[in-house]
Amino acid sequence: MYVKKEFTFDAAHYLEKYHGKCERLHGHTYRLAITVKGEPDSEGMIMDFIELKEIVKEKVLSVLDHSCLNDIIPQPTTENVVLWIKERLEPVIKEKDCSLSEIQLWEGPGSSIILKLERI
């Protein structure tokens, strides 16, 4: 079974190794979806939504929200931001007897990156 929770945060960035408009400082309202895989526990839950929210808030949102991503992540493309999020969340999720299944990050309403962490 899977648990999925969505979040939003605002951040700015610029892409030094890119040639075009995005090489200049600009901002986005990002939408983030975290999907966790596991088996229901004795309470009938894979992971409490509140617990997942607190983990993401502490490990990701508290760092990225209203930041300049370049201060945190080198060349902060959406792909690199997703990999950074994975590194922050994966160990904590494993401690909860679950696994991180998928991370999806939208850089705006129509553009997203999906990182699937499960073998098919």
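1. Strand β2 (residues 26-37) and strand β4 (residues 99-108) run antiparallel and are joined by seven bridges; strands here are DSSP runs of E with at least two residues, helices are runs of H or I with at least four, and both are numbered from the N terminus. Along this pairing, I34 has I103 of β4 as its bridge partner, while A33 stands opposite Q104. The model is a predicted one, in which local features need pLDDT of at least 70 and side-chain atom pairs count only at pLDDT 80 or more, whereas totals for chains, interfaces and linings use all residues. Residues are numbered from 1 along each chain as its sequence is written, and side-chain values use heavy atoms, with hydrogens and water left out.

2. The sheet as a whole is open and has five strands in the order β3-β1-β2-β4-β5, with mixed pairing, where two strands pair if DSSP finds at least two bridges between them. Its edge strands, each pairing on one side only, are β3 (67-68) and β5 (111-116).

3. Eight of the ten residues of β4 are buried, so β4 is largely enclosed by the rest of the structure (buried means under 20% relative accessible area, with a 1.4 Å probe and protein chains only).

4. Helix α1 (residues 49-64) and helix α2 (residues 78-95) have axes that come within 10 Å and cross at roughly 140 degrees; axes are lines fitted to C-alpha atoms, for helices over the stretch in contact, and angles run from 0 to 180 degrees between N-to-C directions. Residues of α1 including L52, I55 and V56 meet residues of α2, among them V81, W84 and I85, contact meaning heavy atoms within 4.5 Å.

5. As for the helices and the sheet, α2 lies across β2, β4 and β5 and runs at about 150 degrees to β4.

6. There is one aromatic pair, counted where ring centres of Phe, Tyr or Trp (its six-membered ring) lie within 6.5 Å. The rings of F9 and Y30 have centres 4.9 Å apart and planes at 10 degrees, so the pair is stacked, a class that requires planes under 30 degrees apart. Because F9 lies in strand β1 and Y30 in strand β2, the pair ties together parts that are 21 residues apart in sequence. Both F9 and Y30 are buried.

Conventions
Phe/Tyr/Trp six-rings, centres within 6.5 Å; stacked < 30°, edge-to-face > 60°. Buried < 20%, exposed > 50% of the residue type's maximum accessible area, 1.4 Å probe, protein only.
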